[in-house]
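Dear colleague,

My notes on what was found follow directly after it.

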Amino acid sequence: MQLEHLFVQDYRNIIQSDLEFSSGLNCFAGRNGMGKTNLLDAVYCLSFCKSSLAQSDAQTIRHGADCFQLSGTYLCPDGSRTIIGCMSRTKGRKQITRDRKEYQRFSDHIGYIPLVMMTPLDTELILGGSDARRRFMDMVISQYDSDYLRRLIAYGKALQQRNTLLKMEMQPDPEMLLMWEQVMAENGQLIFDRRRELIERIIPLFNDIYPAIAGQNEQVSLTYVSHGQRGNLLEQFAESRSRDRAAGFSLCGIHKDELEMQLGGYPVRKEGSQGQNKTYLTALMLAQYRLLAGVCGKKPILLLDDIFDRLDSVRVENILTLVSDRSMFGQVFITDVDRNHTDGILKNLGCECRTFTVENGSVR
């Protein structure tokens, strides 16, 4: 998929912008706080129906405005074009449209325009808790498996109900526990299978990309750990009831899954430098891109926010060399605080690029 034209009005600090993009690299340059990331976030919103930055739609509306409007014109792999629109008011519901036809469920749109975004906040994948790494797996799978999100929601609701029963002062009804455990087991097994398949497919891609960025031999690994690997989930829930009752919540299940990230045989969060952590994350995101391109049958849009921070010039040039390879990657958007720096690297690469300067929410 290729974003040819983007219209943004009253989205965060962007008053109004009407932009035409290159099919290859596009760079937003400007000082911190000028709105570069907000433009990437607008592109993200058109794929995922929500901001990557704000917890609520109200936070994405520019101060003093009543609503925000986004519109993107996309070139599809078959040569056709489609227009995706998004509008949200301070009062009222958000609307997502495709060729002026409104979606009744936002989940029906997820995956239509595959997208991979990397931001400085992604350090949470390495430094944060296991819930961040589960969200990463869920975000990837949801873009190519429409049933997966429904299973996640069903599992989450059943887990919540089981935990409520476990917290009761009186002994909970075993039949009620069993009912919710059956829902958790059925959906949890599918979630486990899909996560396992994802990691099995992404590992060789990750192992191929990491050394291409690092430019040196650094041993890295990804390992998926789940209660699903221990056998029947329903039996595990039954065996764990007394422990869960004492704890007041469910101690086993796919909601405890972990994705172990290692460098040199040790957790990368403890062993890696800031540059190695950034390299690890970048390789993981580019591996995600390669996987989605193969599974979805169309190249995702790639957003790289503040990609140059904490990386030496060799690794930066290696990343740009990778993503400018049009046989493997499609349209790419990057941000940088130093336009001269960006222009110099891109000139050396000799690749097509359109650069925009962003200042106080204005783009030229």
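Helix α3 gives the most to the lining of the largest pocket, namely six residues; helices (H or I, at least four residues) and strands (E, at least two) are DSSP runs, numbered from the N terminus. Please note that this is a predicted model, in which local features need pLDDT of at least 70 and side-chain atom pairs count only at pLDDT 80 or more, while totals for chains, interfaces and linings use all residues. Residues are numbered from 1 along each chain as its sequence is written, and side-chain values use heavy atoms, with hydrogens and water left out.

The largest pocket holds about 1,100 Å³ of space. Of the 34 residues that line it, Tyr44, Lys50, Ser52, Arg135 and Met139 are the closest to its centre. At least two lining residues come from each of α1, β8, α2 (124-127), α3 (130-142), α4 (146-166) and α9 (274-296). For reference, a pocket is an open set of points on a 1 Å grid over the protein atoms alone where a 1.4 Å probe fits, with protein on both sides within 12 Å along at least five of seven lines; lining residues have an atom within 4 Å of a point. The volume is the space filled by probe spheres set on the points, which are joined across faces, edges and corners.

Turning to the strands, an open antiparallel sheet of six has the order β2-β1-β4-β5-β6-β7, where two strands pair if DSSP finds at least two bridges between them. Its edges are β2 (14-20) and β7 (101-102); each has a single partner strand, so one side of each is left without a neighbour in the sheet. Helix α1 (residues 36-48) packs on this sheet and touches β1 (2-11), β2, β4 (67-75) and β5 (81-89), contact meaning heavy atoms within 4.5 Å.

Leucine 303 of β12 is the bridge partner of methionine 117 and stands opposite phenylalanine 333 in β13. Ile301 and Leu303 point one way from β12, Leu302 and Leu304 the other, and all are buried (under 20% relative accessible area, with exposed over 50% and partly exposed in between; 1.4 Å probe, protein chains only).

Finally, aspartate 10 has a positive phi of about 60° although it is not a glycine; this residue lies in β1 and is buried, at 11% relative accessible area.

With kind regards

Conventions
Axes fitted to C-alpha atoms, helices over the stretch in contact; angles between N-to-C directions.
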